[in-house]
Amino acid sequence: MKQISVRQCGVLIVMCIFANKILLMPSLMYEQAKADSIFVLIVLFLLDLLLLPIFIKLKTTYPDKKLYDVLKDKLGVIITKIIYILMLLFFFFKCLLVFSITYVYFKQQIYQNEFIFIAFISFLPVINHAVVTGVRAFSRTIEMFYGIVLAGFIACLVISLFTPISNPVFFTSNGKMFFESLYNHVFSFGDFIFLFLIMDKIQIKKGQEKHLYTYSIIGMLLVITLFYLFYAKYQVTSFMHNNALADLLVFSVQFNAIGRLDIIAMITIMLITLFQMEIFNYAFCDCFLNIFPLLSKTYSVVVFDIIFAVLYYIFIGKYEIMVSSTMFWLPYLAIFINYILPIILLIIILLKRRRKHEKKTNKSNV
């Protein structure tokens, strides 16, 4: 079986952590919880981080099994397919949200008008190819560009220090604002759920689990630093700036004789977006093939492309509709996928270990 290494798994984690958090989210969160949004972000990251030990325990308990087979054995085919339908929707709307936010960013920064057809023919063949070639192929590609992405991200953070910044004002929001922000933005998290889908394709040797924590913490610290510098730079006007990573470079796009530096943000955002859409498209197609096992990868890719194009044009063509959806009805889906499903998996692990312990006890008594 073609498996991916812990390092490749780690870079996938970092890309998932960056998803939907580095452009619009700092602005949206500031509208609700002001600079205390950093604490909201930390709480959501901590909740996500709790999923990692559950994943590691599940992988250890069922080292060669697919998630679908584990759920089918314990919950039955019908419930498992319902769960996979919900995950399919979860990853599809994540992909759609990534595209919607980045599309608006590039439209504002480069094209100044609609270029949706160019966008479709630019990214769809690339992410479709990633699905067809498999997780090992595209994870190796992401691994190759990981250093460039990280360098670009850090460069944007460092360059922002050359502009006027001051400490954000904290503790200005009340409890209601804090918890509403937690709920409204929960859909943009669940960064480790993708790992459960590909658990049979990840090769983790004994002692390598700590590397997953290292990659996770690196990604989270970079996003927290981005939030802090963004609020330090814009203060009370943070809600007006919708492209956080790129907006850090505003007022510093000319640096000595180097010229415009916003190209660093553009390239970094472009690569991150492409990799995120590959991950979420693969997750969608994996769920689709488990729901309809008689169909092929090619069929799943075609279905994704058609649904994606139709929904974007007819239903979610307006940027505001997609964003509002992630804050009102998609959190219900996210709460189940991000938290209830891992709890179910944790119960399965505990029951498995309990039965194993009972068998050992019975044998020793005999």
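Modeller: A helix, in what follows, is a DSSP run of H or I at least four residues long, and helices are numbered from the N terminus. By that numbering, Asn20 sits in the loop between α1 and α2. The model is predicted.

Biologist: Since it is predicted, where is confidence lowest and where is it highest in the chain?

Modeller: The general idea is that where pLDDT is low, the predicted coordinates should not be read in detail. For this chain the mean pLDDT is 88, and 93% of the residues reach 70 or more. Confidence is highest in helix α3 (residues 37-49), at a mean of 95, and lowest in helix α15 (residues 319-328), at 79. Residues 253-259 stay under 50, and the model has 8 contacts for them beyond four places in sequence.

Biologist: Take Ser325. Is Ser325 buried or exposed?

Modeller: The cut-off for buried is under 20% relative accessible area. Ser325 has 9% relative accessibility and therefore counts as buried. Ser325 is part of helix α15. Residues up to four places away in sequence aside, Ser325 touches Leu330 and Pro331.

Biologist: Back to Asn20. What should I read from the phi of Asn20?

Modeller: Asn20 has a phi near 65 degrees, which is positive in a residue other than glycine. Asn20 is also buried, because its relative accessible area is 9%. Gln235 is another residue other than glycine with a positive phi, near 50 degrees. Gln235 lies in the loop between α11 (209-234) and α12 (244-247).

Biologist: How do I check the span of a helix, and what span should α7 have?

Modeller: The expected span is 1.5 Å times one less than the number of residues. Helix α7 (residues 116-133) has 18 residues, so it should span 26 Å, and its end C-alpha atoms are 26 Å apart, which agrees. Among the buried residues of α7 are Ile116, Phe120, Phe123 and Val131.

Biologist: And what does the check give for α8?

Modeller: Helix α8 (residues 135-160) has 26 residues and should therefore span 38 Å; its end C-alpha atoms are 35 Å apart, which agrees. There is one more feature to look for along α8: a kink of about 45 degrees, centred on Phe145.

Biologist: How many of the residues of helix α4 are buried?

Modeller: Count them along the helix. In α4 (residues 51-61), 8 of the 11 residues are buried, so the helix is largely enclosed by the rest of the structure. The buried residues include Leu51, Phe55 and Leu58, and also Lys59 and Thr61.

Biologist: Which residues touch the most other members of the largest nonpolar core?

Modeller: That core has 140 residues, and those touching the most other members are Leu67, Met87, Phe99, Phe194 and Phe308. As a case, follow Phe308. Not counting residues up to four places away in sequence, Phe308 touches Phe92, Cys95, Leu96, Phe99, Phe120, Phe123 and Met277.

Biologist: How many salt bridges are there?

Modeller: The general idea is that side chains of opposite charge can pair when their charged atoms come close. The count here is 4 salt bridges. One of them joins the side chains of Arg7 and Glu143, at 2.9 Å from N to O. Arg7 lies in helix α1 (residues 6-18) and Glu143 in helix α8, so this pair ties together parts that are 136 residues apart in sequence. Arg7 counts as partly exposed, because its relative accessibility is 37%.

Biologist: What distance separates N and O in the salt bridge of Asp191 and Lys21?

Modeller: The distance is 2.8 Å. Asp191 belongs to the loop between α9 (175-184) and α10 (193-197), and Lys21 to the loop between α1 and α2 (25-33), so the pair ties together parts 170 residues apart in sequence. Asp191 counts as buried because its relative accessibility is 3%. Lys21 is buried as well, at 0%. Asp200 and Lys201 also form a salt bridge, with their closest N and O atoms 3.6 Å apart. Asp200 counts as buried, at 5% relative accessibility.

Biologist: Which residues is Leu49 in contact with, beyond its neighbours within four places in sequence?

Modeller: They are Phe192, Ser216 and Met220. Leu49 is in helix α3. Compare sequence with space: Leu49 and Met220 are 171 residues apart in sequence, with their C-alpha atoms 9.6 Å apart.

Notes:
Residues are numbered from 1 along each chain as its sequence is written. This is a predicted model: local features need pLDDT of at least 70, side-chain atom pairs count only at pLDDT 80 or more; totals for chains, interfaces and linings use all residues. Side-chain values use heavy atoms; hydrogens and water are left out. pLDDT is the predictor's confidence in each residue, from 0 to 100. Helices (H or I, at least four residues) and strands (E, at least two) are DSSP runs, numbered from the N terminus. Contact means heavy atoms within 4.5 Å. The bend at a residue is the angle between axes fitted to the seven residues ending there and the seven starting there. Buried means under 20% relative accessible area, exposed over 50%, partly exposed in between (1.4 Å probe, protein chains only). A nonpolar core is a set of buried Ala, Val, Leu, Ile, Met, Phe, Trp, Tyr and Cys residues joined through side-chain atoms within 4.5 Å.
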